[in-house]
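Q: I have a structure open and would like to go through it with you. Could we take it residue by residue and then turn to the helices and charge pairs?

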Amino acid sequence: MAGFIEQLRAVPRVFNKTLFLTVGLIAVSQFNFGFDQTAYSTTQAMDAFIQQFGTCNAKRKCSIDTYFLSLLNSLPYIGFVVGLLVGSEVSSRFGRRMVMFTMSIYALCTAAITFTSKSPAQILAARILNYGYVGMELAVVPVFQSEIVPKEVRGLVVETYQLMLFFGGLIMSLVCYGTAQLEGNRQWQIPFGLFFIIPTIVAGCIWFVPESPRWLLLRGRKAEAESALRRLRSGCFSEQDVQLELAATQAILDEERDEGTYWDLWRGANLKRTLITSGVNFFLQITGNTFANKYGTVYIASIGTVNPFVMTIVNQLASLLGVVLSMVLVDRIGRRPILIWVGLLQAASLFAMGGLGASSDSPSVPVKTGIIAMLTVFSFAFAAGWAPVSHIVTAEIPSSRLRDMTYRTASTVNILMQFATTFATPYLLNAPYANLGAKVGFIFGGTALLAIFFAWACVPECKGRTLEEIDRLFLGKVPVRKFDKLTPMIK
């Protein structure tokens with residue numbers, strides 16, 4: 001607790017008003033991702049949604065078949081990939097603010113399509129299109145955050161990406177809990193109506209915050225970069241500190257002047273960086289989070305022991321608590337320890353869930369309750385470890401000139417794995433297919449152990465380093481497990 005209080009007291013020393021408002025606006029944009037994930041995962045269990053978009057038999061008993069459920073939760077990743085690629089290109093060419101403005105206007109259009117959906121085809125198309133917004137958001141938010149904040153709070157700030165995702169999810173869970181009591185299509189239309197709020201705020205405010213100084217330097221706009229950095233540091237850092245930060249960034253950019261093509265990602269020190277960021281994103285998506293986040297509410301409803309909408313709120317609260325704990329620790333104990341030790345808790349919850357599921361073909365109420373409890377433990381562990389820290393690692397490890405390309409490549413791996421696991425999970429869970437139910441925990445628990453080994457062997461510790469110092473360590477070919485033991489010099 002003393003360390004947390006000390007960290008809070010340090011915030012005014014590095015955050016001036018402009019930086020605070022900029023970080024806040026960027027973080028708020030992430031609400032809509034949380035809205036989307038929770039709105040769709042929760043409304044899928046609502047009677048009105050099932051009647052509108054499912055199929056009904058002669059007795060008017062309606063359901064959403066496994067195939068359409070897979071399509072609804074996996075095909076949106078087509079939009080995710082397109083949005084990521086477009087957003088990353090816009091961000092690289094026209095700046096971080098431009099892509100945030102563009103994605104917000106686009107999101108207002110897709111929200112209208114979602115809200116007015118009448119058929120399965122329209123709701124499917126709406127979600128695919130809306131995920132284009134989510135992809136653009138992923139392309140810019142962690143990168144923008146990592147480039148504008150001082151090294152002392154970079155981990156804390158980048159983790160607001162995940163914090164706002166879960167906070168948005170919590171708000172949506174509460175809204176869905178309330179609307180589930182209503183009659184008719186208002187059950188699901190009111191949650192989807194919230195999709196209009198955040199893009200309107202971001203589009204109206206984004207031009208009042210500074211552009212990323214590092215992006216401006218990369219485009220050769222040194223005077224604008226100096227002005228932007230001064231706005232972000234004024235009152236907390238001296239003019240000398242501002243000039244030293246600019247000089248360090250420019251020195252690394254000059255040293256990497258020959259880099260800039262996609263093929264440079266796979267050469268020299270950049271190959272290691274590309275493999276690390278891609279590996280982190282690969283393991284992020286195969287350790288059970290798809291099962292918990294995309295199908296958790298539907299699965300809990302199928303067990304039938306507790307109200308699935310109440311448990312969605314409980315799991316969102318557990319996730320929120322996890323990411324807050326991670327924010328407190330990530331700049332104090334580092335990235336690697338969190339990935340490893342919290343990853344062990346994640347793996348343990350999955351194996352426990354699988355063991356409970358395997359204990360009986362007709363599990364008792366206490367066993368079913370235990371399975372649901374393990375889902376909550378998993379939600380906490382995932383939110384405290386791999387979910388937020390993966391974004392920090394992916395944003396801070398790439399070189400200055402190749403940051404957008406590396407982040408784009410790693411995030412594409414992320415999305416492809418999300419697509420594969422999202423499409424496969426219903427077939428693993430349900431009859432007449434694999435029908436594993438809770439025993440799917442054995443599969444995801446095994447991959448969680450592999451993720452822990454990858455973090456131990458391959459992820460460098462970058463706590464307390466500037467982005468330029470991280471560049472120097474990679475250029476100096478320092479082994480990744482010695483990053484926290486050496487102090488690089490930047491000419």
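This is a predicted model: local features need pLDDT of at least 70, side-chain atom pairs count only at pLDDT 80 or more; totals for chains, interfaces and linings use all residues.

Q: Where is S212 found?
A: S212 is found in the loop between α12 (197–205) and α13 (213–218).

Q: And what does S212 touch?
A: Setting aside residues up to four places away in sequence, S212 touches R96, F144, E147 and I148.

Q: Helix α8, then. How many residues does α8 have, and how far does it reach?
A: Helix α8 covers residues 120–148, which makes 29 residues. From its first C-alpha to its last it reaches 42 Å, close to the 42 Å expected at 1.5 Å a residue.

Q: Where is the kink in α8 centred?
A: The kink in α8 is centred on E137 and amounts to about 25°.

Q: How many of the residues of α8 are buried?
A: The count is 23 of its 29 residues, and α8 is thus mostly covered.

Q: Changing topic to charges: how many salt bridges does a search of the whole structure find?
A: The search finds 18 salt bridges. As background, side chains of opposite charge can pair when their charged atoms come close.

Q: Which residue meets E89 in a salt bridge?
A: The side chain of E89 meets that of R93, at 2.4 Å from N to O. Both residues lie in helix α6 (residues 76–94), where they are 4 residues apart, about one turn of the helix. E89 is partly exposed, because its relative accessible area is 29%.

Q: What about E224: which residue is its partner?
A: E224 forms a salt bridge with R221, and the closest N and O atoms are 2.9 Å apart. E224 is partly exposed, with a relative accessible area of 40%. R221 is also partly exposed, at 33%.

Q: Are R335 and D331 buried or exposed?
A: Both R335 and D331 are buried. Their side chains meet in a salt bridge of 3.2 Å, N to O.

Q: Which residues do salt bridges with shared partners join into one network?
A: That network consists of R96, E147, R403 and D404.

Q: On to S326. Where is its place, and is it buried or exposed?
A: S326 has its place in helix α19 (residues 308–329). S326 is buried, because its relative accessible area is 1%, under the 20% limit.

Q: What surrounds S326, in terms of what it touches?
A: Not counting residues up to four places away in sequence, S326 touches E159, I338, A383, A384, P388 and V389.

Q: Which residues is I333 in contact with?
A: Leaving aside neighbours within four places in sequence, I333 is in contact with I338, E461 and K463. I338 is also among the residues touched by S326. I333 is found in the loop between α19 and α20 (335–358), and I333 is partly exposed, with a relative accessible area of 42%.

Q: How far apart are I333 and A125?
A: They are 208 residues apart in sequence and 44 Å apart in space, C-alpha to C-alpha.

Q: What of A48: where is it found, and is it buried or exposed?
A: A48 is found in helix α4 (residues 47–53). With 7% relative accessibility, A48 counts as buried. Beyond its neighbours within four places in sequence, A48 is in contact with G184, N185, Q187 and W188.

Q: How far is A48 from G476?
A: A48 and G476 are separated by 428 residues in sequence and by 60 Å in space, C-alpha to C-alpha.

Q: Where does K477 lie, and what is its phi?
A: K477 lies in the segment after α25 (467–475). Its phi is near 55°, a positive value in a residue other than glycine. K477 is exposed, because its relative accessible area of 70% is over the 50% cut-off.

Q: Last one: which residues make the nonpolar surface patch?
A: The patch is made by Y262, W263, W266, L271 and L275 and has an area of about 530 Å². Y262 has its place in the loop between α15 (239–255) and α16 (268–284). Y262 is partly exposed, with a relative accessible area of 40%.

Note on methods: Residues are numbered from 1 along each chain as its sequence is written. Side-chain values use heavy atoms; hydrogens and water are left out. Helices (H or I, at least four residues) and strands (E, at least two) are DSSP runs, numbered from the N terminus. The expected span of a helix is 1.5 Å times one less than its number of residues. The bend at a residue is the angle between axes fitted to the seven residues ending there and the seven starting there. Buried means under 20% relative accessible area, exposed over 50%, partly exposed in between (1.4 Å probe, protein chains only). Contact means heavy atoms within 4.5 Å. Patches are made of residues with over 30% relative accessible area and no salt bridge: like charges are joined within 9 Å, nonpolar side chains (Val, Leu, Ile, Met, Phe, Trp, Tyr) within 5 Å. Accessible areas come from the Shrake-Rupley method with a 1.4 Å probe; for residues, only the protein chains shown count as cover. A salt bridge is a side-chain nitrogen of Lys or Arg within 4 Å of a carboxyl oxygen of Asp or Glu.
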